[in-house]
Amino acid sequence: MAKILIIEDDAAFAQMLQKFLIRNNFEVLVSHTGADAENIIKEGNLQLVITDLRLPNYDGLDLVSALQGKIPIIVMTGYAEVASAVKAMKMGAYDYISKPFTPDQMLAVIDGALQAKPLEPKVKSADKNQEKELQVQRAQQGVSSDKTTGLLLVSDATQKLEEYISLVAPTDMSVLIIGESGTGKEVTAKAIHEKSLRKEQPFVALDCGAIPKELASSEFFGHLKGSFTGAIADKIGSFEAANGGTLFLDEVGNLSYENQMQLLRALQERKIKRIGSNKEINVDVRILSATNEDLKAAVEKGTFREDLYHRLNEFSLQIPALKDRHGDLKAFANYFLEKFNGKLGKQVADFSPEVWNVFNTYTWPGNIRELQNVIQRAVLLSTENTIEIHALPAELLEKKDVPKDFGALSKADFEKEQIINALKKTNYNKSKAAKLLQVTRKTLYNRINYYDLDVL
């Protein structure tokens with residue numbers, strides 16, 4: 001079990017991050033001051049340090065300099081502190097991550113830091129080159145847009161998604177991004193922001209699923225020092241941090257009913273108050289939100305406010321699952337192969353034909369994130385020039401029951417035929433058809449729209 005030290009003066013944020021990492025099987029210590037952190041580090045037996053660059057009476061860069069690559073360091077920065085992050089990486093930090101970040105982003109950086117050798121201090125010829133290199137490393141925390149990664153994605157599903165993104169991005173419409181876990185909902189949100197008129201302004205991502213109910217108001221709106229136990233310094237909330245730009249609310253369906261009311265009020269009034277303050281702050285933000293849940297069903301059950309649902313869903317985007325992105329699998333696989341060759345110091349050139357066969361027949365329930373994890377594991381285990389089938393996890397090799405009467409039909413054709421048959425059997429009653437297909441009504445609507453079926 002890896003032992004991690006978090007150095008963060010925001011006690012509430014540090015506690016939230018600590019609990020999240022403990023749930024992911026890490027041993028986690030927390031320090032709120034630089035001096036205390038130095039004492040903990042002297043005791044040894046740490047595998048990783050995660051530190052804020054800005055601490056009371058302490059410069060996080062001094063810590064990076066003192067450790068000189070002996071322990072991997074991840075630095076947490078504010079939105080506008082790229083220059084400081086570049087400097088930290090020059091001095092030996094492994095990577096940096098901008099606040100606010102999603103749990104998946106943090107886990108990806110931690111995973112890379114623990115597997116890689118501690119970095120030596122970087123010395124480059126020009127700061128411009130260093131910043132470019134840093135931007136590439138940041139992009140590689142997850143699948144990025146074509147512009148960043150150079151991926152050539154050719155599937156019809158991807159082309160349709162890109163078309164919708166291009167249409168909605170220049171507007172100020174609130175967009176609800178719907179998709180299975182691991183399909184790249186945040187990547188889509190960033191693509192919308194980058195193509196919008198707000199692209200020069202902040203993009204702030206907030207994972208609603210990772211916020212305890214009692215801390216949600218602080219994460220949304222910020223707080224003043226002393227406004228509650230643990231508020232040892234003023235904090236800027238996500239609305240204020242994203243002012244003028246885009247606020248991305250990931251897994252918005254996980255918000256409590258009370259937090260939904262607070263969010264709705266902020267969206268209606270476009271004004272917020274920090275906890276402990278009577279001063280109203282005007283905010284101009286575009287809201288993008290994402291979910292892998294059926295929010296319409298949640299509205300019907302009464303667990304999600306209908307008025308908030310309509311505020312968030314001025315336009316919806318359905319992110320296709322990896323199994324439906326025919327033609328894109330190879331591009332993603334080769335991208336991840338190159339990425340993890342670099343991170344793990346390997347020179348694996350390709351995948352064996354047997355591996356390609358497994359990749360092409362597997363259903364990828366975890367989507368792009370699962371593919372990334374599979375390839376990272378395979379690169380780590382491979383000792384030859386080619387990834388062989390023995391490097392794949394067991395679940396990819398298990399045979400699944402599949403319909404035997406596909407004939408010459410593709411999976412997409414088969415699914416379309418099943419939907420049409422179910423609709424015909426129920427006289428085009430979509431609720432009954434959804435029950436017959438054993439899917440939610442929302443899923444059925446999404447598949448009808450996805451395949452552009454002309455139904456009554």
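Predicted model: local features only at pLDDT ≥ 70, side-chain atom pairs only at ≥ 80, totals over all residues.
Local features need pLDDT of at least 70 and side-chain atom pairs count only at pLDDT 80 or more, while totals for chains, interfaces and linings use all residues. Residues are numbered from 1 along each chain as its sequence is written, and side-chain values use heavy atoms, with hydrogens and water left out.

**Exercise 1.** Work out which strands pair with S1, and in what sense.

Step 1. Start with S1 itself, residues 3-7. Strands are DSSP runs of E, at least two residues, and helices are runs of H or I, at least four, numbered from the N terminus. All five residues of S1 are buried, that is, under 20% relative accessible area with a 1.4 Å probe, protein chains only. Lys3, Leu5 and Ile7 point one way, and Ile4 and Ile6 the other.

Step 2. Now look for partners; two strands pair if DSSP finds at least two bridges between them. S2 (residues 27-31) runs parallel to S1 over five bridges, with Ile6 opposite Val30. To get from S1 to S2, the chain goes through helix H1 (residues 11-23) in a right-handed β-α-β crossover: with the strands pointing away from the viewer, the path over the helix runs clockwise.

Step 3. S3 (residues 48-52) is also parallel to S1, over four bridges, and here Leu5 sits opposite Val49.

**Exercise 2.** Find the strand order of the five-stranded open sheet and the helices on it.

Step 1. The order reads S9-S12-S15-S8-S16, with parallel pairing. S9 (203-207) and S16 (315-318) are the edges, each pairing on one side only.

Step 2. Zoom in on S12 (residues 246-250) and S15 (residues 286-291), joined by four bridges; Leu247 has Ile287 as its bridge partner.

Step 3. H8 (residues 156-168) touches S8, S15 and S16, at about 160° to S16. H9 (residues 185-194) lies across S8, S9, S12, S15 and S16, at about 150° to S8. Contact means heavy atoms within 4.5 Å; angles run from 0 to 180 degrees between N-to-C directions, with axes fitted to C-alpha atoms, for helices over the stretch in contact.

**Exercise 3.** Which residues touch the most other members of the largest nonpolar core?

Step 1. Of its 54 residues, the answer is Leu21, Ile50, Ile110, Phe239 and Leu249. H1 gives the most, with six residues.

Step 2. Take Ile50: its contacts include Ile4, Leu21, Met76 and Ile110.

Definitions and conventions: Buried < 20%, exposed > 50% of the residue type's maximum accessible area, 1.4 Å probe, protein only. Core = buried A, V, L, I, M, F, W, Y, C linked by side-chain atoms within 4.5 Å. Lists of a residue's contacts leave out its neighbours within four places in sequence.
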